[in-house]
Amino acid sequence: LLLGRMLALPGWVTMDLVKSKGWRLNSKSRGQVDASELGGKVVAIYFSAHWCPPCRGFTPMLKQFYEGAKSAGCSNFEIIFVSSDRSPAEGQEYWQNEHGDWLMLDSSQAQPVGDMYGVRGIP
């Protein structure tokens, strides 16, 4: 789980970076989301997969935290799920059924984003 405020600070993800890399983001409730919506928000990038037991244990806790933060009025926080599942369909199903109402990175971009952050495996 990577966490960073969307500001121009060294080593932190910025909205401009997300936009410049052409990240395609999807929302369960709104479909495709423009990266500009992340401006000024704290963003967590969550690398996870349905086949990973520690991930399956952590995801419900993250969902509970996210829903609590949103219901308390925290609008400056967002999560981007990056699937490490073996197929796009598995990742999509895991996100739809087990995750909170946060964003998901298009599965075709998961490997390059993981490489960018030095993700070699999960957990």
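## Arg30 and its partner

Arg30 is partly exposed, at 48% relative accessibility. This comes from a predicted model. The side chain of Arg30 pairs with Glu37 in a salt bridge. Their closest N and O atoms are 2.8 Å apart. Glu37 is also partly exposed, with a relative accessible area of 35%.

## Salt bridges elsewhere

Three salt bridges occur in the structure. Side chains of opposite charge can pair when their charged atoms come close.

Asp106 is partly exposed, with a relative accessible area of 23%. Arg24 is partly exposed too, at 35% relative accessibility.

Another salt bridge links Glu78 and Lys70. Here the closest N and O atoms lie 3.9 Å apart. The cut-off for a salt bridge is 4 Å, so a separation within that limit counts. Is Glu78 buried or exposed? Glu78 counts as buried, at 6% relative accessibility. The limit for that class is under 20%.

## The largest pocket

Rolling a probe the size of a water molecule over the atoms shows where empty space is left. The largest pocket has a volume of about 200 Å³. Its lining is made of 13 residues. Closest to the pocket centre are Ser84, Ala110, Gln111, Val119 and Gly121.

Which elements each supply at least two residues of this lining? They are β5 (77–83) and α4 (110–116). The top contributor is α4, which gives four residues.

Sorted by class, the lining of the largest pocket holds six nonpolar residues, five polar residues and two charged residues. Among the residues closest to the centre, Ala110 and Val119 belong to types that count as nonpolar. Gly121 is also among those closest to the centre, and Gly counts as polar.

Methods:
Residues are numbered from 1 along each chain as its sequence is written. This is a predicted model: local features need pLDDT of at least 70, side-chain atom pairs count only at pLDDT 80 or more; totals for chains, interfaces and linings use all residues. Side-chain values use heavy atoms; hydrogens and water are left out. On a 1 Å grid over the protein atoms alone, a cavity is a set of points where a 1.4 Å probe fits but cannot get out, and a pocket is an open set with protein on both sides within 12 Å along at least five of seven lines; lining residues have an atom within 4 Å of a point. Grid points are joined across faces, edges and corners, and a volume is the space filled by probe spheres set on the points. Buried means under 20% relative accessible area, exposed over 50%, partly exposed in between (1.4 Å probe, protein chains only).
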